[in-house]
Amino acid sequence: MKNNRLILCAAAALVILSGCTAYDRAASFVNEPVVKDVKTGMTKEQVRQIAGPPSTEITMVHARGTCSTYVIGQRDGKLQTYFVSFNDTGHVMNKGFQSCEEYDSNPS
């Protein structure tokens with residue numbers, strides 16, 4: 001019975017700690033202008049005024065519209081990217097902590 005409790009507690013601790021990585025990543029970059037100030041519905045020009053020019057810009061294949069990737073820092077030796085996708089009228093429709101290529105491969 002004690003072994004089952006120990007295993008259950010260890011599993012719960014792993015689940016709790018695994019969520020810290022995603023939170024840690026978001027908390028580290030939450031004050032970046034592209035993360036903090038860009039809102040759904042803004043125009044591409046408004047985004048550029050806030051965030052500056054993107055690192056890359058693509059026309060998406062699996063999702064509609066275009067997408068801009070911003071490098072917002074470095075984490076664990078890797079570049080941390082943030083994407084902003086635009087619909088056909090040039091307005092922000094989605095954004096998040098990944099590159100445009102990653103978003104376009106699974107645009108949910």
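Biologist: What makes E3 and E4 a pair, and in which sense do they run, parallel or antiparallel?

Modeller: In this predicted model, strand E3 (residues 78–86) and E4 are joined by four bridges in the antiparallel sense. Pairing requires at least two bridges, so the two strands count as paired. Within E4, Gly-96 stands opposite Phe-83.

Biologist: How do you know that E1 pairs with E2?

Modeller: Four bridges join E1 (residues 56–59) to E2 (residues 66–75), and the two run antiparallel. The threshold is at least two bridges, so E1 and E2 are paired. Thr-56 has Thr-69 in E2 as its bridge partner. E1 and E2 form a hairpin with six residues between them, and Gly-65 in the turn has a positive phi of about 90°.

Biologist: Why are E1 and E4 called edge strands?

Modeller: The sheet is open, with four strands in the order E1-E2-E3-E4 and antiparallel pairing. E1 and E4 (92–96) each pair on one side only, which is why they are the edge strands. Neighbouring strands of this sheet are turned by 25° against each other on average, direction ignored.

Biologist: Which helix lies across this sheet, and at what angle to E2?

Modeller: Helix H3 (residues 44–51) lies across E1, E2, E3 and E4, and runs at about 15° to E2.

Biologist: What makes Cys-67 and Cys-100 a disulfide?

Modeller: Their sulfur atoms are 2.1 Å apart. The cut-off is within 2.5 Å, so the pair qualifies as a disulfide. A search of the whole structure finds one disulfide.

Biologist: Why is the disulfide of Cys-67 and Cys-100 called left-handed?

Modeller: The torsion about its S-S bond is about -85°, so the disulfide is left-handed. Cys-67 lies in strand E2 and Cys-100 in helix H4 (residues 100–105), so the pair ties together parts that are 33 residues apart in sequence.

Biologist: Are Cys-67 and Cys-100 buried or exposed?

Modeller: Both are buried, so each has a relative accessible area under 20%. Of the 108 residues of the protein chain, 28% count as buried.

Biologist: Why is Asp-76 called exposed?

Modeller: Its relative accessible area is 75%. Asp-76 is found in the loop between E2 and E3. Its phi is near 55°, a positive value in a residue other than glycine.

Biologist: What is the secondary structure of the protein chain, read along the sequence?

Modeller: The chain has four helices and four strands, and follows the pattern α-α-α-β-β-β-β-α. Among contacts with a separation of 6 or more, 39% are between residues 24 or more positions apart.

Biologist: Where in the protein chain is confidence lowest, and where is it highest?

Modeller: Confidence is lowest in helix H1 (residues 2–29), at a mean of 51, and highest in E1, at 97. The mean pLDDT of the protein chain is 82, and 74% of its residues reach 70 or more.

Biologist: What does the model show for residues 8–23?

Modeller: Over residues 8–23 pLDDT stays under 50, and the model has zero contacts beyond four places in sequence for them. Where pLDDT is low, the predicted coordinates should not be read in detail.

Methods:
Residues numbered from 1 in each chain as written. Predicted model: local features only at pLDDT ≥ 70, side-chain atom pairs only at ≥ 80, totals over all residues. Heavy atoms only, no water. Buried < 20%, exposed > 50% of the residue type's maximum accessible area, 1.4 Å probe, protein only. Axes fitted to C-alpha atoms, helices over the stretch in contact; angles between N-to-C directions. Contact = heavy atoms within 4.5 Å. pLDDT = per-residue confidence, 0-100.
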